[in-house]
Amino acid sequence: MSTWAARLENPLSASLRDARATGALGIFLGALAAFLAIPPIEARTVTWPILVGIVAAALGVWTVTRGRRRLGWGAVAAGVLGIGLGILATRSSTENLGTAFDATLVAQTFSFATPLVFGALGGMFSERSGVVNIGLEGMMLMGAFWGVYGADKGGSWAVGLLVAAGVGGLVALVYAFFAIHLRSDQIVGGTGVNFLAVGITGYFFVQLYHNNPIPNGVSLLPNIKIISGNNFFAQAIGDLNILTWASFALVIVAYVVLFKTPIGLRIRACGEHPRAADTVGINVYAVRYGCVVLSGVLAALGGIYLSEGPQGNGSFLFNMTNGRGFIALAAMIFGNWRPAGAFGAAILFGFSSALALKLQVYSGSAATLFQILPYVLTLIAVAGVIGRTVAPAADGKPYVRQ
Amino acid sequence: MTDPGPSPPPEQAAETGTLAARIALKQRAGGIVVPIFTVIFALVMSGIVVAATQHSVHTALLVYKEIFDGAGLNWIFHPTTSLLDINAYNLSQTLLQTSTLILTGLSVAFAFRCGMFNIGGQGQYFVGLIVANWLGVNFAGMNPFAHILLCIVAGTLAAAAYAGIAGVLKATVGAHEVISTIMLNWIAFWLASWLFGDGGPLQNSTQPTVPVSNQVSPGARLPDFWGVQGFQGVHIGLFIALAAVVVFWVLLNRTTVGYEVRAVGFNPDAAAYGGISVKKNFIRAMAISGAFAGLAGAIDMLGGTTNYQFGQLDVPFSQVGFIGIAVALLGRNTAVGTLFGALLFGGLLYGSFHGLGSSSVIDPQLAGNLTYIIQGLIVLFIGADVLILYVWNSRKKLRRPPAKPAKPAEATAA
């Protein structure tokens, strides 16, 4: 390990010795290898992707030998993937490349990631306080239906947001009562919430709309435009949905709250060692109730994006979350129960969904397979192949006051 | 039969003298009271939902009757063996549904008895179904008995291996089986979508634009034992499922494997101290658990429950693996309990989805969703036995005020 003195003497070699920076550089170069072969640069020879990819993998191996296994293997994987994708891209036709890889891929990545970010951060608060929340999927589904219902009957998307948040919080409150006060098994309880949400949303969708689609003209979540024009940035990040912007802000807020405030310290204490937290006067039950309800509110806000966002367009479908709550859970685990990690994982999973949609110009059936990526990556992450993910120590354990 | 519930506190175990005392003890531990109360409670709650939304208590009562009739249970009042009778036909369909649910329920129950929550029954069911379809479509012209055996055994083993991944991960790196089985569920989900979808490897070879698989070749189909030509009959999968109940019970209660599984389930540390390999049992129990779910998928495919084929659009609507969780929990993870749980859900599922299909009482689409609500309530409340036992015990307290105070929380603390 380099000391601060050595760092000051020779900043360049110190930063090179810092395995963390090398690993990050490796991942960046791996992405660059694939990026070189697609628009706008679009190198038509395989040489550049292969060269850059090999450098990325080499940096990764070096990082692994310095003890940063997770980052190192990530860089190796990025390098190999970069080479593979680069070769594939140079083989494919220019028109197809133009359709698949344009600025809207970035915009769609954020769009697919938005509900995942909300769900993952919600799950993170709940689990950081020591309550496992498998019911994210159900809470999301409730938000999706009651949100669009609120927007339809209330006449405004803002009403929809409030209704979704309220219903999500309510469902989470019920779940919290079971998980905290009744000390029922949290996995069983969460599974029950998921079933119940499918039934309730399905029942009331038929009851309230007589199994017809929700009428057109529902007030939708608006986009907020920050860059206008026809350039790359305007198309990629210039015109995103209000909830997408909110999700960016939420990551920062979640980080500050969880790691820089007394409240966050209390939450983490309840998740790591509730007895100790109780001893110093923290009301463990109150903290857990608050966190679970917050997770329900956030998951429901992620859910309303599915029905009221640009993809849902004011419609609801039976069981429309279709596993997104579980991807959010996966993102939280993949991100190691940290806000930035969960956000990064959600973006990665959103990217794989966006890519699956875009790659349909090549093959519709193979594009379906891309949907598997989040689950496989999470499985690898929990298996500890690329570094271990560590849950809060008291996660899932009911606390009995003495 | 041993009760999977937590062992009673010593001062209560001491009073096990008479039969009545023992029954009381079982009830205090939630033996049969909790499942029955939960079911009644869930049914009443769903009735309230119907009564409130339809503004009529009468409608709610009629819905109960319709589901009862739809499940074919009124066959009991005028039995006939002809499947042309609508009641007999409904009953046969309920039995079909039940045989699948028995197996998915046993799957969840077996893992539970080893202290693991196999939430991935749906994925393992898909794996069994996919393998059975693949082998059943190919190898046409094989000896029927050998062909059926091949499909079932291969489907079961494939699902066992698939579930075994979660067991291996838990045993080697300590990955929580709930997380890994959820991930495996969705991997199987999208795999099935891809395989049976347009352009997928198992997609129909004669209709390239229809996202369904080929039909299993006639030789590999399970024979019906109760049915008429042209209608869906009851195939011998029901007997396979019933045999699986027996296998489950014998395996768990009369073999060394079962003893080790239960020992690990009660207390892994104590089991390890007693010389039992906890890791080996995690893997083995998970594989056996997956085998039950895979068997369910195989007999569903070969038995024509899905018309001998499976489509991309069927994938998101297949819920039997998940319902297995409710079945097992309701059956308290015992063999016989699972059988009854499967019967209840088989009746509910078929009775609400199809029995009400021609009903004028309530929109049939509503009734189908009612089943999900009932299922959700059952799962939610079965885990909260503290609540139900509290109600049960306070009822007794009301009757006998001077009795010593009950300790519901202690009797069920996990």
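Of the 414 residues in chain B, 54% are buried. The structure is a predicted model, with scores of ipTM 0.82 and pTM 0.84. In chain A, which has 402 residues, the buried share is 52%. The two chains touch each other through 41 residues of chain A and 41 residues of chain B.

**Chain B: fold and confidence**

- The secondary structure of chain B consists of 17 helices and two strands.
- Among contacts in chain B with a separation of 6 or more, 72% join residues 24 or more positions apart.
- The average pLDDT of chain B is 82, and 83% of the residues score at least 70.
- Residues 1–28 of chain B have a pLDDT below 50, and this stretch makes 32 contacts in the model beyond near neighbours in sequence.
- Residues 403–414 of chain B likewise have a pLDDT below 50, with 21 contacts in the model beyond near neighbours in sequence.

**Chain A: fold and dimensions**

- Chain A contains 19 helices and two strands.
- Of the contacts in chain A between residues at least 6 apart in sequence, 73% link residues at least 24 apart.
- The C-alpha trace of chain A spans about 60 × 55 × 35 Å along its principal axes.
- The radius of gyration of chain A is 23 Å, which agrees with the value near 21 Å that a compact globule of 402 residues would have.

**A helix pair within chain A**

- Helix α13 (residues 262–272) and helix α15 (residues 284–308) of chain A have axes that come within 10 Å and cross at roughly 105 degrees.
- Because angles of 65 to 115 degrees count as roughly perpendicular, α13(A) and α15(A) are therefore roughly perpendicular to each other.
- On the α13(A) side, the residues of this contact are R266(A), I267(A) and C270(A); they meet V284(A), V287(A), R288(A) and C291(A) in α15(A).
- By class, the contact of α13(A) with α15(A) has five nonpolar and two charged residues, and no polar ones.

**The interface between the chains**

- In the contact between the chains, 41 residues of chain A face 41 residues of chain B.
- On the side of chain A that touches chain B, at least two residues each come from α10 (186–209), α16 (324–334), α18 (364–369) and α19 (373–383) of chain A.
- The largest share of that side is supplied by α10(A), with 15 residues.
- By class, the side of chain A that touches chain B is made up of 21 nonpolar, 18 polar and two charged residues.

Terms used
Residues are numbered from 1 along each chain as its sequence is written. Chains are lettered from A and ligands numbered from 1 in the order in which they are written. This is a predicted model: local features need pLDDT of at least 70, side-chain atom pairs count only at pLDDT 80 or more; totals for chains, interfaces and linings use all residues. Two residues are in contact if their C-beta atoms, placed from the backbone, lie within 7 Å. Helices (H or I, at least four residues) and strands (E, at least two) are DSSP runs, numbered from the N terminus. Ala, Val, Leu, Ile, Met, Phe, Trp, Tyr, Cys and Pro count as nonpolar, Asp, Glu, Lys and Arg as charged, and the others, Gly among them, as polar. Axes are lines fitted to C-alpha atoms, for helices over the stretch in contact, and angles run from 0 to 180 degrees between N-to-C directions. Angles under 35 degrees count as roughly parallel, over 145 as roughly antiparallel, 65 to 115 as roughly perpendicular and the rest as oblique. pLDDT is the predictor's confidence in each residue, from 0 to 100. A residue is buried if 20 or more other C-beta atoms lie within 10 Å of its own, exposed if 12 or fewer, and partly exposed in between; C-beta atoms are placed from the backbone. The radius of gyration is taken over C-alpha atoms; the globule rule is 2.2 Å times the number of residues to the power 0.38.
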